[in-house]
Amino acid sequence: MTLYTNLADLLGERIEQGLYRPGDRLPSVRALSQEHGVSLSTVQQAYRHLEDRGLALPKAKSGYFVPPGRDKPALPKVSRAPQRPVEVSQWDQVLEQIAPQPRADFVQLGRGRPDIDSPTLKPLLRALSRLSRKQDLHTLTYGSIYGDQRLREQVARLTLDSGCQLSADEIVITTGCHEALSAAIRAICQPGDIVAVDSPSFHGVMQALKGFGMKALELPTDPLTGISLEALELALEQWPIKAIQLTPNCNNPLGYIMPEANKRALLALAQRHDVAIIEDDVYGELAFHYPRPRTIKSYDDDGRVLLCSSFSKTLAPGFRVGWIAPGRYLNQVLHMKYMGTGATAQLPQLALAEYIEGGYYEPHLRRMRGQYARNLEQMSDWVRRYFPQSVRVSRPQGSFMLWVEMPEGFDSQRLNRELAAHKIQIAPGSIFSAAGKYRNCLRMNYASRPSPTIESAVRQVGETVAVMLAELPPPRD
């Protein structure tokens with residue numbers, strides 16, 4: 001990471017935290033140069049970077065200012081405390097969301113897909129093509145159930161940035177992060193067991209619990225800091241919880257990054273109650289600030305954390321390559337993988353290993369982090385402009401998902417049906433809950449570069465939300 005991007009990230013955080021309000025003059029180039037011990041040109045580059053992100057506005061002979069009209073909507077409410085573990089529902093709604101082949105004439109605001117149009121992906125496609133042309137029989141074999149050795153070595157190296165000290169022998173390649181999570185759950189839990197989850201939570205995990213006959217205990221979750229540790233402690237004392245599953249870094253769908261102190265405290269709770277932690281870090285490398293946040297796994301000294309991730313969100317989902325570092329549960333996870341898919345396809349593994357070894361992965365990540373940060377600013381601006389003022393909006397610290405909460409009584413499933421006539425799709429909030437909560441919420445994707453088509457779609461969503469809210473009866477006193 002360069003000096004100017006570090007400085008830009010620091011200033012951006014201060015603006016986001018409200019230390020500089022809309023209309024405030026930002027520190028002068030010379031003052032920042034002296035304060036941080038960097039050159040004037042470095043500060044100027046940092047300000048240009050902030051200008052690209054919509055966080056700084058230059059004024060001739062006056063310096064840089066926080067743009068006006070940057071007052072943010074309120075944050076989503078903290079989810080309610082759990083009453084009891086529940087059996088997972090919502091499969092029909094999830095299937096409706098994922099089953100159809102994405103149509104080219106639809107604006108897909110609901111899919112959890114990264115931008116796959118970046119030129120930094122071209123070396124990956126070239127590697128795949130080159131390996132295919134070689135007609136090497138090695139690419140047509142089953143391969144090891146652990147996965148390709150070269151790729152596991154590269155994954156181990158990449159995890160250093162998250163604070164981990166892993167060897168290739170501690171990593172198993174999976175068919176996407178979804179298989180990693182599923183294998184982790186089955187390795188630890190039996191039908192009827194209880195898994196504590198953040199709420200709202202990734203619908204893929206919810207449906208895995210449903211399919212395995214397990215129950216979910218949804219924990220109150222703050223949109224900036226993650227699950228309530230107090231609620232988790234009470235739940236661990238009250239219920240026979242077998243595992244805690246959460247996405248602490250660039251959470252899906254809220255976008256928060258759990259503070260490091262909370263991660264350590266959560267691990268201490270799990271150790272005290274002898275509970276496993278299934279950590280989904282699939283978005284961790286897309287945090288807007290650098291260095292990237294640490295994983296809970298990086299603090300793990302007794303192997304109870306199963307760290308799951310993939311290249312589906314950082315590169316492209318079509319490769320279907322993920323991985324898991326299962327700690328003390330390695331043998332159980334290998335058994336579950338053998339029962340599921342067996343060995344993961346060789347060809348995409350070899351292409352990914354070549355791509356990372358060639359030094360292409362880190363530049364791609366830098367490009368996408370910057371793009372997603374700028375896209376978030378644009379999407380947030382459109383939501384402020386086109387949605388009713390009564391909505392509450394998340395403040396993602398990474399990745400490419402925005403969570404929007406409407407007043408109680410709103411029906412985002414009906415919203416999706418109304419939007420289909422305009423060839424637009426969002427993700428209704430109810431699929432992110434085991435019990436179908438968050439019907440008044442929706443998730444939108446801002447990965448693709450802003451365009452008039454996307455702006456028009458967001459405007460249509462906002463206008464439809466306004467019409468539907470106007471139809472709601474007034475709230476009772």
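Predicted model: local features only at pLDDT ≥ 70, side-chain atom pairs only at ≥ 80, totals over all residues.
Residues are numbered from 1 along each chain as its sequence is written, and side-chain values use heavy atoms, without hydrogens and water. Local features need pLDDT of at least 70, side-chain atom pairs count only at pLDDT 80 or more, and totals for chains, interfaces and linings use all residues.

Two packed helices are described by the angle between their axes and the distance between the axes. Helix α7 spans residues 176-188, and helix α8 spans residues 203-211. Helices (H or I, at least four residues) and strands (E, at least two) are DSSP runs, numbered from the N terminus. The axes of α7 and α8 come within 10 Å and cross at roughly 40 degrees. α7 is therefore oblique to α8. Angles under 35 degrees count as roughly parallel, over 145 as roughly antiparallel, 65 to 115 as roughly perpendicular and the rest as oblique. Axes are lines fitted to C-alpha atoms, for helices over the stretch in contact, and angles run from 0 to 180 degrees between N-to-C directions.

From α7, H178, L181, S182 and I185 meet G204, V205, A208 and L209 of α8. Contact means heavy atoms within 4.5 Å.

D193 sits in the loop between α7 and β6 (194-198). D193 counts as buried because its relative accessibility is 16%. Buried means under 20% relative accessible area, exposed over 50%, partly exposed in between (1.4 Å probe, protein chains only). Leaving aside residues up to four places away in sequence, D193 touches M214, K215 and K242.
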